[in-house]
Amino acid sequence: MSHRWWQRQLPKLVLSPSFALVLFFVYGFIVYTGYLSFTDSRMFPSNELVGFANYEKLFALRHWKISITNLGIFGGLYIGICLVLGLMLAIFLDQKIRGEGVLRPIYLYPMALSFIVTGTAWKWFLDPGIGVEQIVQSWGYTDFEFRWIKDRTMAIYCIVIAGVWQTSGFVMAMFLAGLRGIDGEIMKAARIDGASSVQLYRRIIIPMLRPIFLSAFVVLAHMAIKSYDLVIALTNGGPGRATELPATFMYSYTFTRNQMGIGATSAMVMLMTIAAIIVPYLYSELKGSKKS
Amino acid sequence: MKIRALALALGVASSGAVSAAGEVEVLHWWTSGGEAAALNVLKDDLSSKGVSWADMPVAGGGGESAMTVLRARVTSNNAPTAAQMLGFDILDWGEQGAAADLNAVAAKEGWDAVVPAALQNFAKHDGKWISAPVNVHSTNWVWANKAIFDELGLSAPINFDELVATLEAIKKAGYTPLAHGGQAWQEATIFDSVVLATGGVGFYRKALVDLDADALGGDTMKTVFDRMAILRSYVDDNFSGRDWNLASAMVIEKKAGMQIMGDWAKGEFLNAGQKPGDDFMCFRFPGTSGAVTFNSDQFMMFKVGSDRRDAQNQLASSIMTPSFQSAFNVVKGSVPARTDVSDADFDACGKKGMRDLASANANNTLLGSLAHGHAAPASVKNAMYDVITAHFNGEYSSADAVSELVAAVDAAK
């Protein structure tokens, strides 16, 4: 009997340390950050409760509005372009071409770099003094201009470029896996019914990739919301404060501006935003897996 | 094992009579050429007294990343012996009760009588010395390339209009008139000087130290922003994100006419083998002579166990000796944090800096620099940075910048 009991308890016992650690270090600190967002903490955590004052202050801050707007621009374009580009690359690679084994890792490779490396490399490419502009000018096109990274209205698009370069290969891999999972019989049947290639993709294959779109969207969305290192390496929030994102806002208010209360508040707002995307997704996933 | 014991014995023998032997761990952000060279003076001084130095450099000009590291260390009960620190940060740490008490050393060596009063405000908390000031930097300096000035027949301007005329002449000659790096603190450094030149000492105190809403939102402040915009028009277009020492290099290499920067820039000029008066010129920002906006690098001492206290006191005492203050500041470009140090070893710019500091101390025109955390606490300082840098990058008109400044300061207070 005791043997049986052990067998039943063993998995729980083995998992419990990591469960306890996650409970404390992830969820415990989320709760603590939530608590700090209701206090007047500045340089160090404080226990003086101030209600929703930090939330009111946060949404009155111009700096925060810039961050949110930038996140809208960056997130929208980053997710959109990555999805479109990833799908296109996947479809092209799926044409049973020669050398696919060589091409696939080339597209996938940027994902292996950290955002810091990507950001620094693109900072140099985009710098008018040493990058693309300088090179094209040295080829003789002296009135060529490409100085987005120094322009406060365009700099945010530089971050989109670097982000898309980094991640679209990964999205391609997801779509490629999806395409490979589609039953070849369906395509043959469509061909026999006289569907053109365009129709085949538009009406049959892309709709069948719906779950992949959803997964890719969730992955990209949370990467966009938490992106910090890319901005720090590429523009460091500049020119001026033109490319601040919520993540860089959170860091600077918490750690360098001695306004930990407002920093914690912005972290909570980011958490809620991510939760708003992830929770419905998890819910639908779990419901789906129960059905099957 | 035997070898180690032998080495130990030798070590003890060689340090001989020195009783205060020990180790100090010092966190700092002096990593650029001139700065690292200046720090070596302190390291050598301590090692001659048998105190070894555990270096803990965290790069990054304004020390922002260093402060983050420091906070992690102190929160985990593993404070370094001392940390380089500026202005209000020192007082904040004092408030947290993390600071050591240096009063015994200070009383023995008479720090109260020789350190300028404006500086003591940042080195003492609650009547206790918690920090040893290493230097006084002043931020209202202009560094200019002498060759360009001679070539165009220019001399040091004495008011803002002359400054603009000088910049215009340099521009016409095909040089970049003003070397500048587009980082918030560098723009704020210029802002310090422009506020002082435009409104004078009283206005500077009222607006940037007392944070008086009328002064922050008035017409004088609008003029300040107008002038910032004028200066922006003499900066090259590739400025954003450039580090300050690269901007100094532009002046050194005769690509740019001048740089508005604190006196740490001098270290870069000296490191490049240039001589003050011959290769480069130093003058106060036009319209600010007689007053000094300062920031002071200090080594704040943390509470440490009794085994490390002797070495800590030794460090504090070494920092404050006139010979070290002179040797260190000759290299660093700043001036000593005590007024009784001989200026014999200093170059022309250093001598002028020491004279200016002494007279500003006597006339009560020694002002804490906003850009470097000696006028207002970090939250207010950064709120002002936001507005200054946004305006400098063309996001606001001067009128909008003034109203934004009032709102930002109000929100951060």
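Guide: Gladly! Let us begin with a term: two strands pair if DSSP finds at least two bridges between them. Strands of a sheet pair through backbone hydrogen bonds, either parallel or antiparallel. Please keep in mind that this is a predicted model.

With that in hand, look at chain B, where three strands form an open sheet in the order 7-12-14, with mixed pairing. Its edges are strand 7 (137-138) and strand 14 (366-368) of chain B, each of which pairs on one side only. Now follow strand 12 of chain B, residues 292-295: this strand runs parallel to strand 14 of chain B, and three bridges join the pair. To find the place by eye, look for Thr293(B), which stands opposite Leu367(B) of strand 14. Helix 10 of chain B, residues 184-209, packs on this sheet and touches both strand 12 and strand 14; the directions of helix 10 and strand 14 make an angle of about 80°.

Stepping back, the sheet belongs to a chain with 19 helices and 14 strands. The C-alpha trace of chain B spans about 75 × 45 × 40 Å along its principal axes. Its radius of gyration is 22 Å, which agrees with the value near 22 Å for a compact globule of 413 residues. Buried residues account for 54% of those 413 in chain B. Of the contacts in chain B between residues at least 6 apart in sequence, 79% link residues at least 24 apart.

Lys108(B) counts as exposed because it has 10 C-beta neighbours inside 10 Å.

Technical notes. Residues are numbered from 1 along each chain as its sequence is written. Chains are lettered from A and ligands numbered from 1 in the order in which they are written. This is a predicted model: local features need pLDDT of at least 70, side-chain atom pairs count only at pLDDT 80 or more; totals for chains, interfaces and linings use all residues. A residue is buried if 20 or more other C-beta atoms lie within 10 Å of its own, exposed if 12 or fewer, and partly exposed in between; C-beta atoms are placed from the backbone. Helices (H or I, at least four residues) and strands (E, at least two) are DSSP runs, numbered from the N terminus. The radius of gyration is taken over C-alpha atoms; the globule rule is 2.2 Å times the number of residues to the power 0.38. Two residues are in contact if their C-beta atoms, placed from the backbone, lie within 7 Å. Axes are lines fitted to C-alpha atoms, for helices over the stretch in contact, and angles run from 0 to 180 degrees between N-to-C directions.
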